[in-house]
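Thank you all for making the time this morning. I would like to walk you through one model, going from the whole chain down to single residues.

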Amino acid sequence: MSDKPPATPDPVIRSERIFKRFSLGQRWEHWILFLSSLILLLTGLPQKYRTAGWSQQILSTPERLEFIQAIHHITAIVLIVLALYHLGWAIILMIRRKLSDDILVHIQDIRDFGQMLAYLLFMRKKTPAFGKYNFEQKITYWFVFFGTGIMILSGLILLFPIAITHVLPGSVVPAAKLMHSTEAVVAAIFILIWHFFQVHIKRLNLSMFTGKLNEEDMRTYHALEYERLTGEETDQTGDGNS
Amino acid sequence: MNNLRQRIALPIWLATVLITLGLFVIISGQARASVPDQETENYCLSCHGNPDAKMVLPSGEEVSLYISADDLQHSTHSQLGIECEACHTEIKTYPHPEISYQNRQELSQAYALACKKCHSAIYEKAQDSIHAQVAVENPEAPLCTDCHGAHDVQKPDEPRSRVSTTCSQCHSEIYGDYQSSVHGSALINEDNPDVPVCTDCHGVHNIQDPRTDQFRVDTPELCAGCHADAGLMAKYDLPADVYDLYALSWHGVDVSVYKARWPTIWHDSAVCTDCHGIHDILNTDDPQSSVNPANLLATCQNCHPEAGPNWTAAWTGHHEISLDRTPILFYVQTFYASLVQVVLWGAGIYVGLEIIRAIVNRIRRNLR
């Protein structure tokens with residue numbers, strides 16, 4: 001959680017507390033999600049744009065097409081295992097009544113969004129105080145959560161169209177093709193605009209890789225969580241540094 | 001006086017003779033140009049008009065030497081004034097020189113060269129055809145005269161159905177299929193000017209083997225030649241976007257890639273003829289049609305043997321996405337059309353506002 005401050009604070013030595021933010025398991029999940037999605041995107045785009053010249057440069061022989069499809073399918077299995085692990089772990093935690101509701105969407109998130117918008121439109125001086133995950137991060141999580149679900153389900157329909165249509169109506173096949181193809185590109189562009197801006201440009205936030213967040217970032221960006229963990233008041237954030 | 005008369009008598013006489021000769025030459029020349037006199041035709045027919053005239057080749061084959069005067073005189077060549085020796089170049093008079101052909105095939109091949117004398121471009125084209133390729137081994141492969149006739153040469157496409165009956169002389173089984181197809185029956189029964197005859201799809205003189213990979217991947221464009229022609233299709237109340245919609249389909253994209261990159265690699269993704277049939281194409285409303293809803297599943301199962309009854313709806317056909325026909329697809333498309341707008345505009349505007357606010361904050365701090 002946090003390193004305890006020294007009993008007698010030295011006025012010269014400034015101690016900074018480091019907060020644990022993500023477990024090793026969560027960091028592994030992020031790595032696997034990131035790498036598998038990247039491989040799926042890179043092997044999927046040439047298949048989506050097969051009539052384009054650049055795609056035909058890559059898929060220059062039928063064997064290459066088969067090869068790239070094999071990579072796509074194997075990587076998809078990795079992603080499916082990851083998704084099942086993620087859901088399974090959540091269910092286990094739920095049964096043990098240990099599932100944190102930090103990532104769930106609350107009414108407060110909608111209020112935060114309104115206040116943040118007011119701040120961005122110069123109608124408020126300070127950003128709202130956020131908990132462990134702010135609404136921007138929740139949007140990212142749930143977008144990826146449902147996006148991955150759509151990609152996996154539609155991908156399975158495309159992989160086993162004949163078996164699926166013994167149960168479901170035939171038009172789910174072209175529908176799945178449309179979903180798989182569109183969702184992938186929307187998700188990729190969204191992550192590029194939204195997530196990359198927030199973790200690389202707005203500030204460099206590597207907590208998903210290190211697992212830790214320093215005290216200053218915790219006070220500034222997750223004030224409510226800081227107060228909850230330390231019991232200390234923050235003078236509230238939003239000096240406009242957000 | 002006598003002197004004068006004697007002096008002018010000779011020039012007048014000479015002038016009269018020259019003018020008379022000149023007139024004679026001009027008049028006779030005009031006569032030649034306006035009416036082909038076909039002197040040799042009748043001369044040759046004096047023997048070859050005998051229905052019993054024949055000869056036996058060294059191979060033992062019997063060749064009839066009879067030429068119907070009626071056929072000959074109504075042939076395109078005869079009416080243009082082209083005479084017997086134009087083709088039978090070695091025969092100048094009677095008795096004829098010794099023949100050197102061992103059999104009927106040699107004789108036919110030698111006379112095909114006679115066609116080349118005038119029709120050289122067409123002759124060269126025909127040398128690239130499947131017929132010329134098989135002629136090397138197969139004595140039955142057609143030469144010029146097998147399709148066009150010899151002494152009875154006529155325009156090959158008058159009437160249009162003549163083309164198909166010409167091909168049917170050898171390809172009788174295919175002609176049988178074609179005859180009852182939507183194309184063939186319109187040609188034969190209605191003399192329809194728009195439906196394809198054999199040569200419209202197969203080419204005229206440079207007919208290619210239609211069983212190759214290349215011919216297969218070229219099939220959609222071949223059919224599109226008529227079926228993407230809006231004016232022509234409107235005449236028969238048929239949609240003209242079938243090709244464009246096919247090109248967007250799974251089959252169509254696959255085939256277009258093979259056509260562009262690997263035309264010599266066989267590929268099974270369906271082209272028009274795999275579902276609609278080839279020479280036996282029927283109207284989709286016809287209960288016998290392979291793409292009639294009653295028969296569609298069986299047609300799909302030719303390539304997708306495991307497919308169940310729901311499978312046919314996976315093929316959205318040559319139809320745009322619509323609420324009536326494909327509701328699931330319609331809702332998915334509508335959902336994504338709005339989701340794309342909301343997500344990308346929303347994220348873009350929000351991030352844009354954040355950037356503006358951050359820049360303003362930084363300026364304010366520095367001005368403080």
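Predicted model: local features only at pLDDT ≥ 70, side-chain atom pairs only at ≥ 80, totals over all residues.

Let me begin with chain B as a whole, which contains 20 helices and two strands. Its radius of gyration comes out at 36 Å, whereas the globule rule gives 21 Å for 368 residues, so chain B is more spread out than a compact globule. Along the principal axes, the C-alpha atoms of chain B fill a box of roughly 140 × 70 × 40 Å, and buried residues account for 15% of the 368 residues in the chain. If we take the contacts in chain B with a separation of 6 or more, 51% of them are between residues 24 or more positions apart.

The domain assignment divides chain B into domain 1 (1–35), domain 2 (43–154), domain 3 (156–207), domain 4 (209–320) and domain 5 (327–368). For a sense of scale, the C-alpha centres of domain 2 and domain 4 of chain B are 43 Å apart.

Now to the contact between the chains, where 34 residues of chain B are in contact with 28 residues of chain A. On the chain B side, α17 (250–261) and α20 (327–367) each supply at least two residues, and α20(B) gives the most, with 16 residues. Sorted by class, that side of chain B has 20 nonpolar, ten polar and four charged residues.

Which residues have the most contacts inside the largest nonpolar core? They are Ile157(A), Val172(A), Val173(A), Ala175(A), Ala176(A) and Ala314(B), in a core of 16 residues. Both α7 (172–202) of chain A and α20 of chain B supply at least two residues of this core, and the largest share, five residues, comes from α7(A). Ala176(A), leaving aside residues up to four places away in sequence, touches Ser154(A), Ile157(A) and Leu158(A).

Is Cys226(B) buried, partly exposed or exposed? With 19 other C-beta atoms within 10 Å, Cys226(B) is partly exposed, since burial would need 20 or more. Beyond residues up to four places away in sequence, Cys226(B) touches Pro196(B) and Leu232(B).

Finally, the local backbone. Most residues other than glycine have a negative phi, and most peptide bonds are trans. Against that background, a cis peptide bond joins Glu158(B) and Pro159(B), with omega about -5°, and Pro159(B) is found in the loop between α9 (144–148) and α10 of chain B. Phe122(A), in the loop between α4 (107–120) and α5 (135–159) of chain A, has a positive phi of about 60°, and it counts as exposed with 11 C-beta neighbours inside 10 Å. Asp237(B) has a positive phi near 60°; it lies in the loop between α15 (230–235) and α16 (242–248) of chain B, and with 6 C-beta neighbours inside 10 Å it counts as exposed.

Note on methods. Residues numbered from 1 in each chain as written. Chains lettered and ligands numbered in written order. Contact = placed C-beta atoms within 7 Å. Helix = DSSP H or I, 4+ residues; strand = E, 2+ residues; numbered from the N terminus. Nonpolar A, V, L, I, M, F, W, Y, C, P; charged D, E, K, R; others polar. Domains from an automatic or database assignment. Rg over C-alpha atoms; globule rule 2.2 N^0.38 Å. Buried ≥ 20, exposed ≤ 12 C-beta atoms within 10 Å, placed from the backbone. Core = buried A, V, L, I, M, F, W, Y, C linked by C-beta atoms within 7 Å.
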